[in-house]
Amino acid sequence: MNSLEQAEDLKAFERRLTEYVSCLQPATGRWRMILIVVSVCTTTGAWNWLIDPDTQKVSFFSSLWNHPFFTISCITLIALFFAGIHKRVVAPSIIAARCRTVLAEYNMSCDDTGKLILKPRPHIQ
């Protein structure tokens, strides 16, 4: 392969990587917003659950029954984590990190948007 073909292959790889990472960004933003909203709801519900004086007087399940907002938001948060929201929120970072690992063998790297970074050749003595 001549250097022109190699450069074209690198450009094609970079275009595809940046395209893939940028396609993940809108979904990542939505998942982050969902996670933030559910986390705030769970925190608010937990605060109300903890400051309620009746929480100490009744059984655990009765106190959860008395605070459906906290119970539902907590169950939703747990279900989201079981569904893998923590991976969806950081998906572009995961892809970029895996690419960096592979590209390191070729003395290259990439940024978080997928743009390739060519490193200078190591000085061999």
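## Salt bridges and annotated segments: worked exercises

Glu-8 and Lys-11 form a salt bridge, with 3.9 Å between the closest N and O atoms. The model is predicted, and it holds three salt bridges. Let's work through them.

**Exercise 1.** Work out where Glu-8 and Lys-11 lie in the chain and whether each is buried, partly exposed or exposed.

*Solution.* 
- Step 1: Check the distance against the cut-off. A salt bridge needs a side-chain nitrogen of Lys or Arg within 4 Å of a carboxyl oxygen of Asp or Glu, and the Glu-8 to Lys-11 pair comes in at 3.9 Å.
- Step 2: Place the residues. Both sit in helix 1, which covers residues 3–51, and they are three residues apart, about one turn of the helix.
- Step 3: Look at accessibility. Partly exposed lies between the limits of under 20% for buried and over 50% for exposed. Glu-8 has a relative accessible area of 39%, so it is partly exposed. Lys-11, with 44%, is partly exposed.

**Exercise 2.** Find which elements hold Asp-112 and Arg-100, and state how exposed each residue is.

*Solution.* 
- Step 1: Asp-112 and Arg-100 form a salt bridge, their closest N and O atoms being 2.7 Å apart.
- Step 2: This pair links distant parts of the chain, 12 residues apart: Asp-112 belongs to the loop between strand 1 (108–110) and strand 2 (116–118), while Arg-100 belongs to helix 5 (residues 91–103).
- Step 3: Asp-112 is partly exposed at 49% relative accessible area. Arg-100 is partly exposed too, at 27% relative accessibility.
- Step 4: A general point to close: side chains of opposite charge can pair when their charged atoms come close.

**Exercise 3.** Compare the UniProt annotation "transmembrane region" with the secondary structure of the model.

*Solution.* 
- Step 1: In the unreviewed UniProt entry, this annotation covers residues 33–51 and 63–85.
- Step 2: Residues 33–51 are 100% helix and 0% strand, with end C-alpha atoms 27 Å apart.
- Step 3: Residues 63–85 are 87% helix and 0% strand, and here the end C-alpha atoms are 28 Å apart.

Technical notes: Residues are numbered from 1 along each chain as its sequence is written. This is a predicted model: local features need pLDDT of at least 70, side-chain atom pairs count only at pLDDT 80 or more; totals for chains, interfaces and linings use all residues. Side-chain values use heavy atoms; hydrogens and water are left out. UniProt positions are given in the numbering used here, feature names are shortened, and annotations may be inferred rather than shown by experiment. Helices (H or I, at least four residues) and strands (E, at least two) are DSSP runs, numbered from the N terminus. Buried means under 20% relative accessible area, exposed over 50%, partly exposed in between (1.4 Å probe, protein chains only).
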